[in-house]
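Work through the exercises below with the sequence and the model open. Each task is followed by its solution.

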Amino acid sequence: MDERASLVGPRSWIDSLGTTVSIACAIQCTFFPLLIGVLPLVGLGFLAGDGVEQGFIITSVILAVGSFSWGFRHHRRFYIFLFLVSGLALIFTGRVWVADGFEIPVVVSGTLVLTSGHLLNRRLCRLCVACEHQEQQKSKVPHDSFLH
């Protein structure tokens with residue numbers, strides 16, 4: 001078995017975690033403003049603070065940068081960074097420059113772009129390993145076959 005093929009496992013779990021955190025961030029950004037009045041009644045008022053949202057965003061960004069960089073080292077597809085830059089630009093723009101009424105759609109769009117990037121990165125890593133493994137299998141000629 002190719003040693004690089006065995007390294008896909010950790011990378012794909014990082015992309016899976018990044019996808020999950022990005023989707024959770026999008027859900028939090030979308031639904032928490034609707035639940036802001038109910039959360040304190042059920043003892044979850046701390047979730048309504050800015051800290052939770054910032055935590056999701058920071059975690060999502062760190063996972064995306066790490067995962068996309070690691071994936072790039074493997075599959076060498078530079079365009080994966082377009083998802084990273086676009087997603088981060090949308091999130092940053094939504095948090096800093098956009099009016100309050102448009103913040104949620106812009107930030108959610110950014111997290112969905114990061115999610116798409118994680119899914120594409122995962123696919124590229126798997127395809128790269130599969131193609132490399134097939135090429136190695138084709139190029140291997142058993143040495144014993146000439147003796148029989």
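The model is predicted: local features need pLDDT of at least 70 and side-chain atom pairs pLDDT 80 or more, while totals for chains, interfaces and linings use all residues. Residues are numbered from 1 along each chain as its sequence is written, and side-chain values use heavy atoms, with hydrogens and water left out.

**Exercise 1.** State how many helices and strands the chain has.

Solution. Helices (H or I, at least four residues) and strands (E, at least two) are DSSP runs, numbered from the N terminus. The chain comes to five helices and zero strands. Then take burial, where buried means under 20% relative accessible area with a 1.4 Å probe, protein chains only. Of the 148 residues, 32% are buried.

**Exercise 2.** Compare the span of H3 with the span expected at 1.5 Å a residue.

Solution. The expected span is 1.5 Å times one less than the number of residues. H3 has 26 residues, and 38 Å is expected. From first C-alpha to last, H3 reaches 37 Å, close to that value. After the helix comes Arg 76, with a positive phi near 60°.

**Exercise 3.** Decide whether Glu 53 is buried or exposed (over 50% relative accessible area), and list its contacts beyond four places in sequence.

Solution. Glu 53 is in helix H3. Its relative accessible area is 13%, so Glu 53 is buried. Its contacts beyond four places are Gln 28, Cys 29, Arg 95 and Glu 103. Phe 32 lies 21 residues away along the chain, with 9.7 Å between the C-alpha atoms of the pair.

**Exercise 4.** Name the helix that gives the most to the lining of the largest pocket.

Solution. H2, H3 and H5 each supply at least two lining residues. H2 gives the most, with four. Among the residues closest to the pocket centre are Gln 28, Cys 29 and Glu 53.

Conventions. 1 Å grid on protein atoms, 1.4 Å probe; cavity = no way out; pocket = protein on both sides within 12 Å on 5 of 7 lines; lining within 4 Å. Contact = heavy atoms within 4.5 Å.
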